[in-house]
Amino acid sequence: CLCRRIVELQTMMKVLFLVLCSGILQFSLVAYRLRYFNDPKESLNWTDAKQYCVEEGGSLLSLHDEEEERMIFNYTNPGPGFWIGLKKKDNYTLFWSNGEIVNFTKSTVNISDLDQLCEAFENGSWKGVKCSEEKAFMCKNVNSTGENFVLVDDVERNWCQARQHCRTHFNNLASIMDEQQNEDLRQKSRGKNVWIGFQHDNYEWADKSCSTFRTISDSSDTCVSLHNNGNELNWIPLGCSNVKPIICYKGNVRIIVIKEPKTWEDALNYCEARHSRFLWIEDEEDQKAVGQWLNFTVTGSLKHLWIGLRQSSVFGFWIWSDRIANYKNWENGKQPEMALFRHCGVIDAKTFKWSGEDCKLKLPFLCEEDII
C-alpha cells in the first residue's frame, strides 16, 4: 500500500544518509559480535583458564538454555571434561540487579548452595521462587524528572529475560530502597505477581552473564566442569586447582534457532518481542559464528531459515533493519535481482549461503539475543 511504501522510503533515506555520512559502512570494528566457540584446548586450572580466555578477547563458556547445552554436547567429544565459567561466589553480599547493595528487604529466603531463587512481589509481600519461572515484571525508569516504576505485564519472562528487557527499554528491574517505595510498587503492580530485581544465587558466571539454566546435582566443590559421556553433558563440581581443557567464547550476542514456521514479518515481530532482534550478519566473523551454530544445532530435513534481510522494493538493494547489507554471502556468489515476490532473505542450514524467498512463506528462523 502507499503508506507502507512511504515508510519504506523514509527508512531507505535514513540508510542512504548513514552511507553518505560514513563513506563506506564499516561493520568490522568489533570482532565476533555473535558468540563463537573455540575448540577445547589448553589444560589449565580454573583461575588460569578464566584469565586465558580474557587474554584471548573472550570469556570462559557460559550456558543459557538447553539448546546451548545440546550445541556444546554436539561440539565436543567424550573425554575427561572441560572447565566452564560457573563458580561459587567468593562472598555472598546481596545486590539489587542495578548493582546497589540490598539494605532494605522483606525477603524470607534462606538458600542452599544449589538454589537459585529470585524475588517475586505481590501486594507488598516478597517471595523467593525459581528464577526460571515466567512472570510479569516491574522495571524502574530513571530520567531527568526522577524515577518511577513501570509495570510490564503484556509479556511474561524468566528473571534474566525480565532484567534484560528492563535494561534495554528502561533502566533495570525494580529495586526497593524503603517502605515507601515498597508501597509505591504495591500500587503500581495492581495486585499482579511480578519480578523485582533481587536474586539469590551462590554461584556466578565468569562473564557476569545472567542465566537461569544449570543442572548441578551437588555442590561439593567450588568450580564446575562439563563431561561429555557420549549420551549427555554432566555438570560436575570440581576443585578449582584441577587442570582441565577449556572452551572460551567470543562475542556478546546469542544465536537463537526458532523452529516454529512463520512468515518473515511474523518472525521479525517474534524476535523483537521475545528476544533482542531478528538475526543479521554484518561481517565474515558473524557469518562464521552462524555457520558454527547451525552446523552443531540444526539436524534433519530443515533446509532454509529466515534471517533479518530484505530487499527494498523501491531501490532494489538488500538491507538489514537500518543498514545496507555490505557484507554478502549469496548463493552462487550472485545477489538476487529485483523479483516479483522473493524479497526476503533466508540462509541455507547446510551451506550457510543466502538467497531470496517469498516473504509470505512460513519457515523456521533465527533471532539474536544480547548477553546483558
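Visitor: Which residue in β21 stands opposite G345?

Guide: In this predicted model, G345 stands opposite G356 in β21.

Visitor: How do you know that β20 and β21 count as paired strands, and in which sense do they run?

Guide: Two strands pair if there are at least two bridges between them. β20 and β21 (residues 354-357) are joined over four bridges, in the antiparallel sense, so they meet that requirement.

Visitor: Why is β20 called mostly covered?

Guide: A residue is buried if its relative accessible area is under 20%. Five of the five residues of β20 (residues 344-348) are buried, so the strand is described as mostly covered. C344, V346 and D348 point one way, G345 and I347 the other, and all are buried. In a regular strand the side chains alternate between the two faces of the sheet.

Visitor: Why is R35 called buried?

Guide: Its relative accessible area is 3%, and the limit is under 20%; R35 therefore counts as buried. R35 is found in the loop between α1 (2-22) and β1.

Visitor: What makes the approach of R35 to S62 a polar contact?

Guide: The side chain of R35 reaches the backbone oxygen of S62 at 3.0 Å, and a polar contact requires a pair of N or O atoms within 3.5 Å. Leaving aside neighbours within four places in sequence, R35 is in contact with residues including S62, H64, E68, Y249 and I371.

Visitor: Which residues of α3 are buried, and what covers them?

Guide: In α3 (residues 66-75), E67, E68, E69, M71, I72 and Y75 are buried. Their cover includes β1 (36-37), β4 (82-88), β13 (233-238), β16 (253-262) and α7 (284-297). At the start of α3, a side-chain oxygen of D65 reaches to within 3.2 Å of the backbone nitrogen of E67.

Visitor: Is N123 buried, partly exposed or exposed, and why?

Guide: N123 has 46% relative accessibility. Exposed requires over 50% and buried under 20%, so N123 counts as partly exposed. N123 is found in the loop between β5 (116-122) and β6 (125-130), and has a positive phi of about 50 degrees although it is not a glycine.

Visitor: Why is R190 called exposed?

Guide: R190 has a relative accessible area of 59%, and exposed means over 50%; the term therefore applies. R190 lies in the loop between α5 (179-189) and β10 (194-201). Its phi is near 55 degrees, a positive value in a residue other than glycine.

Visitor: What lines the second largest pocket, and what is its volume?

Guide: The volume is about 540 Å³. Of the 24 lining residues, K89, F95, R163, Q199 and E204 lie nearest the centre. α4 (159-169), β10 and β11 (203-205) each supply at least two residues of the lining, which divides into eight nonpolar, nine polar and seven charged residues.

Notes. Residues are numbered from 1 along each chain as its sequence is written. This is a predicted model: local features need pLDDT of at least 70, side-chain atom pairs count only at pLDDT 80 or more; totals for chains, interfaces and linings use all residues. Side-chain values use heavy atoms; hydrogens and water are left out. Buried means under 20% relative accessible area, exposed over 50%, partly exposed in between (1.4 Å probe, protein chains only). Contact means heavy atoms within 4.5 Å. A polar contact is a pair of N or O atoms within 3.5 Å; within protein, one must be able to donate a hydrogen and the other to accept it, and residues adjacent in sequence count only if both atoms are side-chain atoms. On a 1 Å grid over the protein atoms alone, a cavity is a set of points where a 1.4 Å probe fits but cannot get out, and a pocket is an open set with protein on both sides within 12 Å along at least five of seven lines; lining residues have an atom within 4 Å of a point. Grid points are joined across faces, edges and corners, and a volume is the space filled by probe spheres set on the points. Ala, Val, Leu, Ile, Met, Phe, Trp, Tyr, Cys and Pro count as nonpolar, Asp, Glu, Lys and Arg as charged, and the others, Gly among them, as polar.
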